[in-house]
Amino acid sequence: MTSKLSFIWQQRFNRLHTKLFPKLIHFLSAQVPKQEAEEIAQEALLKVYQRLQDARARNEKWSDENLAALTYTIAKNLVISRARHLKIRWQYHEEQRMQLSMAATHNAEQSVINEDMNRHLLAAINRLPAICRNVFILRKIHNKRYQDIATELNISVKTVENHLAKGMKLCRQYMIESVNEESQQSRMDSTVCK
């Protein structure tokens with residue numbers, strides 16, 4: 001009995017699909033491109049099919065007119081939803097374009113600053129004592145865990161922590177000194193040129 005009832009509901013949906021699909025595509029084609037209209041029509045009919053299955057499970061009665069109205073409403077809402085989605089995507093891409101444009105203008109200056117900072121950092125790292133430099137490089141550049149560094153260098157975790165703290169402090173000092181030296185040199189060069 002239930003399989004016969006299921007077959008009847010399936011037949012009803014097939015008739016609805018055959019009757020509504022072309023009309024729905026025509027209705028949607030006025031708002032979106034034809035291929036998108038076909039996709040939306042299929043999605044709307046699929047949603048109606050799911051609702052029809054739920055209604056059958058609850059022994060609800062739906063007239064063909066109600067199902068047709070529901071299909072058009074769902075299709076219209078899908079068009080609105082897609083339009084909102086496209087608007088959000090367009091806004092996102094526009095924001096990204098603006099950010100890239102702004103970044104491009106600052107990119108050359110930032111690149112010079114980054115290169116300069118990297119040069120100072122490399123010089124500072126090279127000035128560190130050997131074991132301190134090794135710990136610093138393993139942690140900050142290779143991102144190794146304290147325990148792994150301790151095992152690799154055959155020292156305690158506490159020693160790793162101490163060398164890392166010392167390395168950070170010395171790097172900071174070396175970088176400040178080198179920046180100050182450069183700015184003094186720059187001032188001297190500008191006074192000589194006058």
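**Figure 1. One aromatic pair in a predicted model.** The structure holds one aromatic pair (ring centres of Phe, Tyr or the six-membered ring of Trp within 6.5 Å; planes under 30 degrees apart are stacked, over 60 edge-to-face, the rest tilted). The ring centres of F27 and Y72 lie 5.2 Å apart and the planes meet at 75 degrees, so this pair is edge-to-face. F27 belongs to helix α1 (residues 2-29) and Y72 to helix α3 (residues 64-126), so the pair ties together parts 45 residues apart in sequence. Helices are DSSP runs of H or I with at least four residues, numbered from the N terminus. F27 is partly exposed at 31% relative accessible area. Y72 is partly exposed too, at 25%. Buried means under 20% relative accessible area, exposed over 50%, and partly exposed in between (1.4 Å probe, protein chains only). The model is predicted: local features need pLDDT of at least 70, side-chain atom pairs count only at pLDDT 80 or more, and totals for chains, interfaces and linings use all residues. Residues are numbered from 1 along each chain as its sequence is written, and side-chain values use heavy atoms, without hydrogens and water.

**Figure 2. The largest nonpolar core.** This core has 21 residues, and L24, L28 and I40 touch the most other members. A nonpolar core is a set of buried Ala, Val, Leu, Ile, Met, Phe, Trp, Tyr and Cys residues joined through side-chain atoms within 4.5 Å. Two or more residues come from each of α1, α2 (34-57) and α3. Beyond its neighbours within four places in sequence, L24 is in contact (heavy atoms within 4.5 Å) with A41, A44, L45, T71, Y72 and A75.

Figure 3. R127 lies over the face of Y174, 4.0 Å from the ring centre. A charge sits over a ring if NZ of Lys or CZ of Arg is within 6 Å of the ring centre and within 35 degrees of the ring normal.

**Figure 4. Cysteines without a disulfide.** The structure holds zero disulfides (a pair of cysteine sulfur atoms within 2.5 Å). C132 is in none; the nearest cysteine sulfur, that of C171, is 7.5 Å away. That is too far for a bond. C132 is buried at 0% relative accessibility. C171 is buried at 4%.

**Figure 5. Surroundings of H163.** H163 sits in helix α6 (residues 157-193). H163 counts as buried, at 17% relative accessibility. Leaving out residues up to four places away in sequence, H163 touches I131, C132 and V135.
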